[in-house]
Amino acid sequence: VERLYRHNFERRGDGGADLREEARSLADLFETACRDRHDPDGRNVVALSSGMDSRMVASCLAKTGLPFASETFSYGNFAFEKDVRAAEKLAGALGCEWKHFQIEPACGKDALDLLRMKDGLNFLGMSFSLPLFRRITETFGERVTLFTGDGGDKVIRDIRPAARIADIDALVKYVLAANQLMPLDLAASVARVPAGEILEGLRRRFESYE
């Protein structure tokens, strides 16, 4: 049975817990999670960078003898040299296949495809992932389990609203305030859609989750 913890960072001391035993327990849970997600009938690929999360997943797969490959990508003119060097060195140490993909900036079709596939669940800045996924499937085949990570260098913050949300209208207002990249009126003008229609679309979407 897996144990779940609610950490209280205001408390001091270890509460009598054996740190080595706790570390072994977490390691066992992590190994189980990797085994559960590993596809024995397909290609398993780790998106390898210099981040702690991808290093841990790749090391765990190697330690448990689960076959996998790895890939690292560079995007446009951004500097990824440190990531690429670290990933290549780590892949060599773990004895896994490694590919480096140079991905060009996404085009308008990629953004439109992402919008149609995800219906707004991913912001369009993630459009670069579609050319990357195409390179991955071209290289490793159609049946790929891709192990990815995001934010492995920091503690995940509490993303719950700071105040209680009383109704759908309050939820719409909160989501806009927390996530909008431009004022609603400007977005409505750019999209040539009335601002009220955007609000109503959000309201209908949230109501469908009930």
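**Close-up views of a predicted model**

**View 1. The outward face of helix 3.** In this predicted model, the exposed residues Lys82, Arg85, Lys89, Gly92 and Ala93 lie on the face of helix 3 that is turned away from its buried side. The buried residues of helix 3 are Val84, Ala87, Leu90 and Ala91. These four cover an arc of only 140° around the axis, and therefore they lie on the same side of helix 3. An α-helix has 3.6 residues a turn, so residues three or four places apart point the same way.

**View 2. The surroundings and the end of helix 3.** The buried residues of helix 3 pack against helix 2 (52–63), strand 2 (69–75) and strand 3 (97–103). Helix 3 comprises 14 residues, 81–94, which at 1.5 Å a residue should span 20 Å. The C-alpha atoms at its ends are 20 Å apart, in agreement with that expectation. After helix 3 comes Gly95, which has a positive phi near 70°.

View 3. Four strands, in the order 3-2-1-4, form an open sheet with parallel pairing. Strand 3 and strand 4 (144–147) stand at the edges; each has a single partner strand, so one side of each is left without a neighbour in the sheet. From one strand to the next, the twist averages 30°. Strands of a sheet pair through backbone hydrogen bonds, either parallel or antiparallel.

**View 4. Strand 1, strand 2 and the helix packed on the sheet.** Three bridges join strand 1 (residues 43–47) to strand 2 in the parallel sense. Opposite Val45 stands Ala69 in strand 2. Helix 5 (residues 129–140) packs on the sheet and touches strand 1, strand 2, strand 3 and strand 4. The direction of helix 5 makes about 145° with that of strand 3.

View 5. Arg35 belongs to helix 1 (residues 19–37). With a relative accessible area of 41%, Arg35 is partly exposed. Apart from neighbours within four places in sequence, Arg35 is in contact with Thr64 and Leu66. Arg35 and Leu66 are 31 residues apart along the chain, while their C-alpha atoms are separated by 7.8 Å.

**View 6. The crossing of helix 6 and helix 8.** Helix 6 (residues 168–179) packs with helix 8 at an angle of about 115°, and their axes are 10 Å apart. The crossing of these two helices is right-handed. Helix 6 contributes Ile168, Asp169, Leu171, Val172, Val175 and Leu176 to the contact, and helix 8 contributes Leu199, Leu202, Arg203, Phe206 and Glu207.

**View 7. Arg192 in the loop between helix 7 and helix 8.** The loop between helix 7 (184–191) and helix 8 (195–208) contains Arg192. The phi of Arg192 is near 55°, a positive value in a residue other than glycine. Most residues other than glycine have a negative phi. Arg192 has a relative accessibility of 77% and therefore counts as exposed, the cut-off being over 50%.

**View 8. The protein as a whole, for orientation.** The protein contains eight helices and four strands. From the N terminus on, these elements run α-β-α-β-α-β-α-α-β-α-α-α. The protein has 210 residues, of which 23% count as buried. Among contacts between residues at least 6 apart in sequence, 66% join residues at least 24 apart.

Conventions
Residues numbered from 1 in each chain as written. Predicted model: local features only at pLDDT ≥ 70, side-chain atom pairs only at ≥ 80, totals over all residues. Heavy atoms only, no water. Expected span 1.5 Å × (residues − 1). Buried < 20%, exposed > 50% of the residue type's maximum accessible area, 1.4 Å probe, protein only. Arc of directions from axis to C-beta. Contact = heavy atoms within 4.5 Å. Pairing = 2+ DSSP bridges. Axes fitted to C-alpha atoms, helices over the stretch in contact; angles between N-to-C directions. Left-handed = near helix turned anticlockwise from the far one by under 90°.
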